[in-house]
Every structure is written in structure tokens, then in C-alpha cells.
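We will go from stop to stop, selecting as we walk.

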Amino acid sequence: VANASDTSIAVVHAKAWTLTEDRPIEDATIVIANGSIVSMTSAGTPPADARVIDAQGRVVTPGIINAATQLGLIEVNAASDTIDHSAKPGGPGAAFDIQYAINSNSGLIRLARADGLARAITYPGSGGVAPFGGVGALLHLVEHGDVLEQPRVGLFISIGSRVAPSSLGSRAAEWQALRTALDGAIAAAAKPAVTGAPATGVPVKPVAKVTPSPLDLVLSGKIPLAITTHRESDLRQAAKLAREYGIRIVIIGGAEAWRVATELAAAKVAVVLDPTANLPYSFDQLGSRLDNAALLRKAGVVIAVSLDGVQSYNPGSSVREGAGLAVANGLPYIEGLRSIISAPAQIWGVNDRSGTLAPGKDGDIVIWDGDPLEPSSLPTTVLIRGQSVSQLTHQSELRDRYLPQIRAAAGATRVQP
């Protein structure tokens with residue numbers, strides 16, 4: 001495959017869901033050059049020097065984005081040497097930064113990319129000091145090179161029944177610890193820096209550049225505070241925190257978020273939810289219901305989809321299935337697509353370069369053989385930064401190696417009439 005800078009690519013005859021509009025563009029022509037989309041037209045003529053990909057009327061979308069995964073941090077749950085998402089008790093706490101552990105060669109990243117996933121947020125489990133998990137990172141699933149696109153994209157904490165046993169116990173103590181940490185960061189920022197006393201004639205010693213702490217980044221509005229929690233009372237506390245401190249908050253989970261949808265919308269709190277959650281796996285989730293996504297979106301809450309329990313293993317196919325289930329339970333179809341593409345880009349502050357098919361955005365494009373929200377549909381072509389990526393995975397190699405033998409064996413042992 002040629003480098004994106006060497007040639008332009010034109011995807012023609014596409015049914016393009018740009019996500020800038022509520023309906024697709026029929027017979028669309030999408031031109032990509034230097035890794036970015038340069039034009040999007042209906043029935044357009046591709047450049048003479050472009051490599052043309054004929055979509056043959058199939059659905060085309062921007063690359064999928066999973067808003068909450070642990071891609072690159074875990075490979076096999078039973079193999080401890082492949083697990084890097086959490087620190088031991090007494091660890092760095094809020095400063096725990098998982099960017100240093102991301103495995104760009106993970107086979108799960110390869111699988112996710114083949115499933116149409118172009119970007120993902122990967123987040124820590126525990127920073128070793130409750131309630132802090134640490135800071136997450138944005139991955140761009142390019143086929144060659146480092147997939148880490150942006151470190152420190154959000155500060156993650158956990159509050160409620162699913163917190164590790166090393167936590168503070170009562171959720172009241174967890175909320176107090178969070179507020180104490182925020183207040184301490186505000187107080188520290190208000191103190192004037194000591195740089196010397198020029199009036200004495202003593203040369204001023206240069207002050208070393210200090211990297212802002214995750215709490216400083218949250219308070220300055222540069223990154224959101226992501227809170228894994230489910231119970232209605234905790235969700236109200238999160239909305240209150242957003243109002244009082246003027247910070248951006250993202251809820252991860254939010255099984256009972258529908259109960260406080262209006263309050264979350266007013267506080268501009270986004271929710272990354274699991275649309276398959278309809279059973280209370282804990283007392284915090286007694287209010288779980290399948291139309292959570294529809295009710296939240298109707299109230300004006302920005303929602304994204306990520307299935308709990310499969311954040312690493314099937315982050316591409318699972319979010320499509322989850323979004324499809326949300327649509328089956330009342331979420332408008334266009335909002336289902338947005339929940340796995342443009343909404344995650346908006347929530348994590350990367351919608352300047354991803355999330356829609358528009359000039360200037362990255363050339364992350366997927367051509368589907370059917371409805372993207374139908375689990376049986378698959379990508380026929382995946383482009384990331386305008387380059388075709390391989391859809392060969394360990395799973396597909398096992399299928400191609402053993403399926404013919406299995407079928408042959410089954411035919412040989414079949415009882416003839």
C-alpha cells in the first residue's frame with residue numbers, strides 16, 4: 001500500500017453517513033489526500049491520479065471510536081504479565097499514567113482495527129490510592145508504529161460498590177477524598193511561586209518547568225474527570241460536583257442515569273453506558289433498564305457506548321452490537337451511529353480531527369457489507385489515515401486453517417441416507 005502522502009484515494013458510489021447530517025449522502029465521493037479528507041460530494045468525479053475504491057452503494061461511515069476500553073493494557077486475563085491497567089495499593093494514585101505500558105503490537109488491537117475501530121480511549125483500573133484510577137490515553141489504531149496518539153486525556157476515578165477492596169469503604173469517604181484533593185489543588189495553584197528576591201541583588205534562579213498534575217488539568221478544563229459509578233445518589237453527586245467546581249465530568253457506567261437525566265443534561269455531564277445492562281449486578285444497579293440510552297439522549301445528555309466486561313477483548317464489534325440494541329430500545333438510528341463515532345470524539349475532545357466525514361478530518365473510513373449496527377455485518381475495507389489496513393487477524397487465520405478440515409471431517413462421518 002502506498003503512503004498516504006504519495007497518492008490520493010477516492011471512495012466512490014458510497015452511501016455515506018457523514019454524521020454532520022441526520023441522513024446519509026447517496027452516491028457519495030470521498031477524496032482523501034495526505035491522510036485527511038479533502039472533499040465530500042454527491043456523485044462527484046474523483047481526481048485523475050486517485051486510487052479509486054468502489055463502495056458499490058454500500059454504507060460508509062467514519063472509523064468507529066470506543067469511548068472506554070483497556071486496549072493495550074491487557075491481553076489475557078489469566079496471564080498476569082499481560083495485565084498493566086492497575087497499580088498496587090499505595091501506588092501513584094491520580095498520577096498513575098498508563099501511557100507507559102501501552103502495547104501497540106497487541107493482538108487485540110489488531111482485531112479491533114479489523115472490526116472497524118479507528119480510535120479508542122484506554123483507561124486505568126486503579127491507581128492504588130482510592131478513589132483515583134489515574135489518567136487515560138487516546139489511541140489511534142494505525143497499523144504500523146505507535147498507537148498512542150494523546151496521553152492524559154482524562155482523570156479516572158471509581159466510586160461505589162465496584163471499587164476495589166483497598167478502597168476507603170464508604171462512598172461518603174470516597175466523595176470526601178475527591179473533594180479534598182480538588183480543594184488542595186485549588187489552594188496550591190493560588191499560592192504565588194517563589195522565584196527569589198531581586199531587590200537583594202542575588203541572581204534569581206530559574207524555576208524549573210512543572211508538569212501540571214491531573215487534578216490541575218481537570219480544574220483548568222483541559223481534560224474531563226471520568227467517574228465510574230452507577231447509583232442514582234452518586235450520579236447526583238457527580239452533577240453537583242460539575243456545577244460547584246465548573247469542571248467537565250464523564251460518567252462511565254451510569255446504570256441508573258435515566259433517573260437523573262435532566263440533572264445530568266443541565267450540568268453537561270456525558271455518559272458512557274452499556275446498552276445491554278438490564279440486570280442488577282450490584283445493589284448500585286437495581287434501576288438498570290434497556291432504554292437507558294434512549295431516555296438520556298431524549299433529555300439532551302451526550303451518550304457514548306462501551307460494553308462493560310469486553311473493554312479489551314472485542315471493543316469494535318461489541319460497541320456496534322450495543323448501539324444496535326440501544327436503537328432497538330428506542331434510541332433513534334442516527335443517534336446510535338453517533339454514540340459510537342461522533343459522540344466519543346466530542347466527549348474526549350478530539351472532534352476537531354475525528355468523528356465525522358468532513359473536509360479536514362482524518363481519513364478514517366469504513367466500508368460495511370451491511371448495516372453497521374447489525375452484529376453480523378463486517379467491514380469490507382478499513383482506512384486509517386487514508387491507508388488500507390489488514391483485516392487478517394489471529395482469529396481469521398485459525399478459521400481459515402481449521403474450518404476446511406472440520407467441514408471435511410464432518411462430511412466424512414455423516415450418515416448417508
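Start by selecting residues 232–245: this is helix H4, which lies across strand E10 (225–229) and strand E11 (249–253). Helix H4 runs at about 165° to E11. Keep in mind along the way that you are looking at a predicted model.

Now bring up the sheet. Eight strands form an open sheet here, with mixed pairing, in the order E6-E7-E8-E9-E10-E11-E12-E13. To find the edges, colour strand E6 (64–69) and strand E13 (303–305), each of which pairs on one side only. On average, neighbouring strands of this sheet are turned by 25° against each other, direction ignored.

Next, zoom in on one pair within the sheet. Select residues 132–140 for strand E8 and residues 148–158 for strand E9: the two run antiparallel and are joined by six bridges.

Look for Thr18 in the loop between strand E1 (9–16) and strand E2 (25–33). Is Thr18 buried or exposed? Thr18 counts as buried because its relative accessibility is 2%, and the cut-off for buried is under 20%. Beyond its neighbours within four places in sequence, Thr18 is in contact with Ile25, Met40, Pro62, Thr356 and Leu357.

How values were computed. Residues numbered from 1 in each chain as written. Predicted model: local features only at pLDDT ≥ 70, side-chain atom pairs only at ≥ 80, totals over all residues. Heavy atoms only, no water. Helix = DSSP H or I, 4+ residues; strand = E, 2+ residues; numbered from the N terminus. Buried < 20%, exposed > 50% of the residue type's maximum accessible area, 1.4 Å probe, protein only. Contact = heavy atoms within 4.5 Å. Pairing = 2+ DSSP bridges. Axes fitted to C-alpha atoms, helices over the stretch in contact; angles between N-to-C directions.
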